[in-house]
Amino acid sequence: MDKVIAVVMGSDSDMSTMKSCIDKLKEFGIEPQVRIISAHRTPDIAAEFAKSAAADGIKVIIAAAGMAAHLAGALAAGTMLPVIGVPLVASQSPAGIDALLSTAQMPAGVPVATMAIGEAGAVNAAIFAVQILALSDQKLAAKLTDFRKAQRQKTIEKDSAI
Ligand code: RP5
């Protein structure tokens with residue numbers, strides 16, 4: 001399944017964290033469209049991307065940014081597609097709290113489904129996007145069930161190993 005999920009990040013400096021998101025999507029057999037688009041540095045491109053995403057076949061947008069992280073909200077404002085936000089820890093960032101609040105505190109009417117800060121959020125964004133697609137895709141739903149079973153088993157094995 002190709003290019004039905006977009007992973008958009010504000011800077012190439014976000015890639016080290018967002019690789020976890022891209023890799024998790026690939027584990028589910030999904031090759032995402034990956035873009036670097038900034039709400040602040042390329043606002044025109046962000047607006048155009050949001051406007052054309054649905055017509056281009058995108059079903060879910062994952063938007064990750066650090067600092068004053070307006071990317072997810074800016075994209076959500078321009079599309080009816082579900083937007084999942086991932087707040088990131090930037091090098092000059094107070095532990096990602098700035099990005100968390102900038103991403104999560106959307107005004108009523110324009111939601112962004114905000115994940116945890118950093119790598120956990122990046123991975124969960126991928127899983128959450130798969131969960132949305134799995135509502136109308138039985139094969140993906142089965143893969144999600146397998147993923148949960150494997151995750152459960154790994155934790156049980158860690159418990160046994162102690
Ligand atoms: C945000 O500013 C980006 O998402 C990144 O997390 C942060 C810093 O960007 P760079 O200065 O590293 O390009 O827009």
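How far from an N or O atom in the side chain of Arg 41 is an oxygen atom of the ligand? The distance is 2.8 Å. This is a predicted model, in which local features need pLDDT of at least 70 and side-chain atom pairs count only at pLDDT 80 or more, while totals for chains, interfaces and linings use all residues. Residues are numbered from 1 along each chain as its sequence is written, and side-chain values use heavy atoms, leaving out hydrogens and water.

Around the ligand (a heavy atom within 4 Å) are Gly 10, Ser 11, Ser 13, Asp 14, Arg 41, Ala 65, Gly 66 and Ala 90. The side chain of Ser 13 has an N or O atom 2.6 Å from a ligand oxygen, and a backbone N or O atom of Gly 66 is 3.0 Å from a ligand oxygen. Of the 360 Å² of accessible area that the ligand has on its own, the protein covers 76% (Shrake-Rupley method, 1.4 Å probe).

Helix α2 (residues 43-52) has the buried residues Ala 46, Phe 49 and Ala 50 (buried is under 20% relative accessible area, exposed over 50%, with a 1.4 Å probe and protein chains only). They lie on the same side of α2, because they cover an arc of only 95° around the axis (directions from the helix axis to the C-beta atoms). The face turned away from that side carries the exposed Asp 44 and Lys 51.

Terms used. Helix = DSSP H or I, 4+ residues; strand = E, 2+ residues; numbered from the N terminus. Polar contact = N/O pair within 3.5 Å; in protein donor to acceptor, adjacent residues only side chain to side chain.
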